[in-house]
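Q: Take a close look at one part for me: the cavities. How many does the count come to?

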Amino acid sequence: MEQLKTIGRELAMGSQGGFGQSKEFLDLVKSIGESRSKAEEDRIVLSEIDILKRKLLEPDVPKRKMKEYIIRLVYIEMLGHDASFGYIHAVKMTHDDNLLLKRTGYLAVTLFLDEDHDLIILIVNTIQKDLRSDNYLVVCAALNAVCRLINEETIPAVLPQVVDLLNHGKEAVRKKAIMALHRFHRKSPSSVSHLVSNFRRKLCDSDPGVMGATLCPLFDLISEDVASYKDLVSSFVGILKQVTERKLPKSYDYHQMPAPFIQIKLLKIMALLSSGDKSASDMMYMVLGDLFRKCDSSTNIGNAILYECIRCISCIIPSPKLLEDAAEAISKFLKSDSHNLKYMGIDGLGRLIKISSDIAEQHQLAVIDCLEDPDDTLKRKTFELLYKMTKSSNVEVIVDRMIDYMISINDNHYKTEIASRCVELAEQFAPSNQWFIQIMNKVFEHAGDLVNIKVAHNLMRLIAEGFGEDDDDADNKLRLSAVESYLQIISEPKLPSLFLQVISWVLGEYGTADGKYSASYISGKLCDVADAYSSDETVKGYAVSALMKIYAFEIASGRKVDVLPECQSLIEELLASHSTDLQQRAYELQALLALDARAVESILPLDASCEDIEVDKDLSFLNGYIQQAIESGAQPYVSERERSGGMFETTDYHSQDHHEVTSHALRFEAYELPKPSVPSQPSAALVPVPEPSYYSEPHQPISTSSSVSERESSEIKLRLDGVKQKWGRPSYQSSTSASSSTPPQAANGTSTHSDGGGVASSSSSKPRSSYESKKPEIDHEKQRLAASLFGGSSSSSRSDRKSSSGGHKPAKGTANKPLATVPKESPIPVPDLLDFDEPTGTSDVAATDPFKELEGLMESSRQDGGGSTDVMGLYSTDASAPVKTTTSVDSLLSELSDSSRGTYHQSQTTKGPNSKEALEKDALVRQMGVNPTSQNPTLFKDLLG
Amino acid sequence: MIKAVMMMNTQGKPRLAKFYDFLPVEKQQELIRGVFSVLSSRPENVSNFLEIDSLFGPDSRLVYKHYATLYFVLVFDGSENELAMLDLIQVLVETLDKCFSNVCELDIVFNYSKMHTVLDEIVFGGQVLETRSDEIMKAVEEISKLEAASNSISLVPKSVSGWRGGR
């Protein structure tokens with residue numbers, strides 16, 4: 001810190017001359033830098049504000065001084081203090097003819113002012129003038145301000161000038177003019193709609209930079225309206241081809257990649273244009289394939305392009321070859337040590353599984369590693385992937401995991417999101433109602449205040465309606481288990497309000513239904529709830545209603561009701577409550593206690609929450625009474641509508657027609673009420689599955705799966721009509737390549753048989769045993785998890801999950817599930833166990849990839865080698881390998897496998913000690929030669945140590 | 001589109017903040033503080049990405065890089081590529097490095113307006129304008145040359161304010 005200060009002082013002195021800043025400003029910056037607390041900083045800034053206020057009011061402030069004051073204003077505003085007293089001076093400064101002052105003024109106003117600020121009107125004129133200036137720097141400064149300060153109403157004032165600038169001589173101006181026009185389009189599409197053709201035209205600008213800038217607005221335009229830009233596909237493909245073939249000037253290279261930012265934008269645009277369009281996709285295959293071969297995966301930007309290719313492929317209609325390329329790129333990402341690349345890999349995987357579901361199976365262990373990574377970003381991304389790949393077979397594991405994670409985090413925003421995802425998945429794929437209720441309980445318990453109230457209503461409805469079939473027995477069991485679980489939970493401290501509402505409702509409705517719990521027990525619990533959460537009126541209301549129901553059922557069944565003393569006191573307290581709602585409920589309860597059994601039964605029949613209550617809106621049963629009243633001389637009822645009409649139509653009180661006329665002009669009546677959501681489809685928007693059927697799910701697999709083959713059984717119980725199958729077919733190809741599929745049968749083999757058996761059966765396989773020796777326990781757990789996540793068939797993986805959640809208890813899995821499935825699956829396990837180790841096995845696995853890689857490299861070097869020397873630049877590390885060491889394949893392999901893992905990291909962070917061979921050094925030197933100061937992590941170390 | 005560029009030091013002091021859509025000062029401060037509290041809780045050796053919907057609204061991502069005493073932060077939406085944004089930070093830092101020859105935190109603090117000039121050449125209205133640091137340097141130097149020239153003139157107060165760049 002001390003050192004920093006001295007350096008600061010030196011630097012302050014040094015830069016004083018160069019940048020014309022005064023001692024005062026530097027002192028201000030320094031004293032703020034040295035302040036030890038926020039309060040001290042505030043004090044310094046406040047006194048600075050006082051000084052500035054005074055100085056700005058002085059007459060005849062020299063302009064140079066004024067400029068400095070403005071910079072100081074900007075600075076204090078960045079620190080969070082109000083500098084509005086000086087805005088007008090900044091505005092004045094934009095009028096100055098001096099470029100330096102003008103730029104300062106523009107900088108200040110763009111930072112200070114909102115586009116709707118009153119002062120803008122004073123600047124528009126200046127901007128107009130400056131846009132016509134013959135000094136292009138003035139024009140640029142004005143364009144900068146245009147971007148920020150012009151709002152919808154002022155666009156027409158500057159639009160002609162900006163359009164003129166599209167043909168300015170300087171490409172810097174053209175670029176900025178395009179961007180400004182783009183900005184207008186974003187703010188108010190209608191104001192520039194007649195000018196969008198300019199963007200198309202500018203695509204052919206002679207300067208590649210201008211062309212690149214045009215891609216930004218085109219991207220927006222195309223994402224709004226794909227159809228009218230289809231004709232540009234071939235142009236974009238052509239441009240991309242030229243870029244990748246290095247037709248652009250060398251100055252556009254960045255880290256040896258030709259114009260990577262332009263490439264990325266182009267890929268994004270092409271993804272939009274070719275989405276679902278076969279002919280457009282066809283045009284892109286060539287160039288995408290080229291990109292996969294040419295991209296240098298050892299640099300960050302090369303990987304950025306690779307990722308963009310993956311993203312593009314996930315949008316277009318891909319060819320099998322491209323999918324392979326994409327899958328290979330993803331597996332490189334996932335195997336990398338860099339968290340950034342893993343993140344991109346997971347993201348890419350999430351995109352690709354939509355098209356080709358079996359890709360993910362190769363990467364199960366990598367995915368699970370990411371799930372347990374300390375990096376929160378990566379973890380969340382992985383949960384997103386899991387969310388995308390959830391189906392009924394793995395929903396239990398995934399939701400369990402999500403809930404564990406949800407409990408562990410504090411970030412309310414993300415907690416809400418993950419809670420709602422849990423609910424969504426549970427609603428969509430729940431294997432049984434019991435499970436659903438358990439999950440809901442957990443979600444409510446840990447994130448109760450964050451979930452949507454609808455979820456609570458869904459849960460109550462589920463408990464009330466049960467399976468939706470005529471299976472009263474199962475319904476009753478479900479209710480009983482819900483009641484039991486709630487009675488357990490209810491005594492825990494500080495439950496969320498929403499959860500308590502659900503609990504109270506269920507206890508009231510079904511607490512005594514089974515006869516297991518006495519009315520006084522349940523009502524005691526309910527009184528406790530009302531007591532413990534006495535500040536929460538909604539909960540109290542629910543509790544009182546629940547009490548009322550319980551007493552009603554008691555009365556109706558002819559038993560004598562003795563109201564508990566605490567209950568009595570609760571009622572009395574509520575009778576005097578400030579809340580009219582609570583008061584009414586209490587009075588109703590009191591009244592109900594005095595009624596006889598027959599009356600009570602018709603008021604609150606048992607288990608009638610699902611019965612439709614018919615509401616006679618017209619109150620037709622009163623017709624007779626009304627008739628009588630009118631006959632005896634009462635005034636007929638005048639509807640509210642007529643009355644309000646009358647209020648405004650004093651001249652013609654009764655004229656119905658007249659009222660009609662006015663209703664055309666102005667409507668005074670309230671809007672129609674929103675249509676009540678149909679209660680039977682609460683989650684219709686999210687879940688396209690017909691609801692009643694998925695509740696029935698748990699029965700089917702149990703009854704049918706034992707004898708039917710995997711695939712058939714899963715088809716029989718497919719209730720996912722309309723839901724896209726997200727993750728692999730339930731059948732497995734026997735492994736075609738070393739790293740192909742990892743069927744769940746293997747998992748079953750290991751998890752349902754004893755652990756020892758699983759290991760023993762694979763003892764012949766080398767990689768497994770070697771891995772086993774390193775960290776056997778984790779490996780096993782992971783396998784299990786992998787199997788339950790990635791397994792296909794729902795019937796088998798359900799048993800997996802049981803065993804995985806129950807630790808090492810193979811008996812549980814087998815007891816629960818039909819044994820018959822196990823022998824059926826047993827022929828396959830041995831080779832599959834091998835696969836499990838695949839992704840984590842180190843050298844052996846990597847060896848398979850580098851071979852391919854090598855082939856690719858040789859091929860590309862053969863192709864391009866004759867023509868140009870660019871190959872060297874392209875594959876800064878990798879490409880040099882085949883050139884020099886083709887004889888020693890072994891070392892090459894290790895080099896390659898190293899480079900596929902390590903180089904990204906290396907090149908990213910260190911230029912440091914090159915312990916490796918000349919190859920790497922050579923590559924690094926080349927990199928450094930091109931970009932001497934690039935990638936300098938010790939950027940500040942020289943000064944700040 | 002890029003929503004914001006921020007630089008702050010490891011104590012959470014903002015060194016430069018630019019939001020490409022207008023935000024009131026208080027909101028800016030809130031966001032800077034929010035970003036800093038997230039960044040400072042990140043362990044070493046994790047990814048440079050953050051999903052930051054909670055602060056910047058849906059579909060917002062953040063990329064940051066930690067250099068010595070400074071965090072460089074870019075906030076953007078789904079239409080940008082995370083890895084490319086990471087390289088944009090690299091471009092920015094490389095350019096600053098060339099500008100100030102071995103840039104350090106104090107350069108950034110003391111050369112507030114030049115920082116903005118550099119940034120405006122790279123990101124324009126929330127879109128990536130230029131990524132060639134040589135070109136950026138050229139533009140910035142041209143401006144500072146003119147500024148230096150005009151500055152020496154404006155040292156003579158008031159009377160000679162009518163200078164115009166002739167081009």
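A: Ala, Val, Leu, Ile, Met, Phe, Trp, Tyr, Cys and Pro count as nonpolar, Asp, Glu, Lys and Arg as charged, and the others, Gly among them, as polar. By these classes, the lining of the second largest cavity divides into 8 nonpolar, 2 polar and 3 charged residues. This is a predicted model, and totals for linings use all residues. Residues are numbered from 1 along each chain, and chains are lettered from A in the order written.

The count comes to 18 cavities of 30 Å³ or more. A cavity is a set of points on a 1 Å grid over the protein atoms alone where a 1.4 Å probe fits but cannot get out; lining residues have an atom within 4 Å of a point. A volume is the space filled by probe spheres set on the points.

Start with the largest cavity. The largest cavity has a volume of about 330 Å³. Its lining holds 24 residues. Nearest the centre of the largest cavity lie A:Gly212, A:Phe261, A:Ile262, B:Val128 and B:Thr131. At least two lining residues each come from α13 (208–224) and α15 (260–274) of chain A and from α3 (82–100) of chain B. α15(A) gives the most, with 6 residues. The lining of the largest cavity has 13 nonpolar, 5 polar and 6 charged residues.

Now back to the second largest cavity. Its volume is about 140 Å³. Of its 13 lining residues, A:Glu77, A:Met78, A:Leu111, B:Ala17 and B:Gln28 are the closest to its centre. Helices (H or I, at least four residues) and strands (E, at least two) are DSSP runs, numbered from the N terminus.

Key:
Predicted model: local features only at pLDDT ≥ 70, side-chain atom pairs only at ≥ 80, totals over all residues. Heavy atoms only, no water. 1 Å grid on protein atoms, 1.4 Å probe; cavity = no way out; pocket = protein on both sides within 12 Å on 5 of 7 lines; lining within 4 Å.
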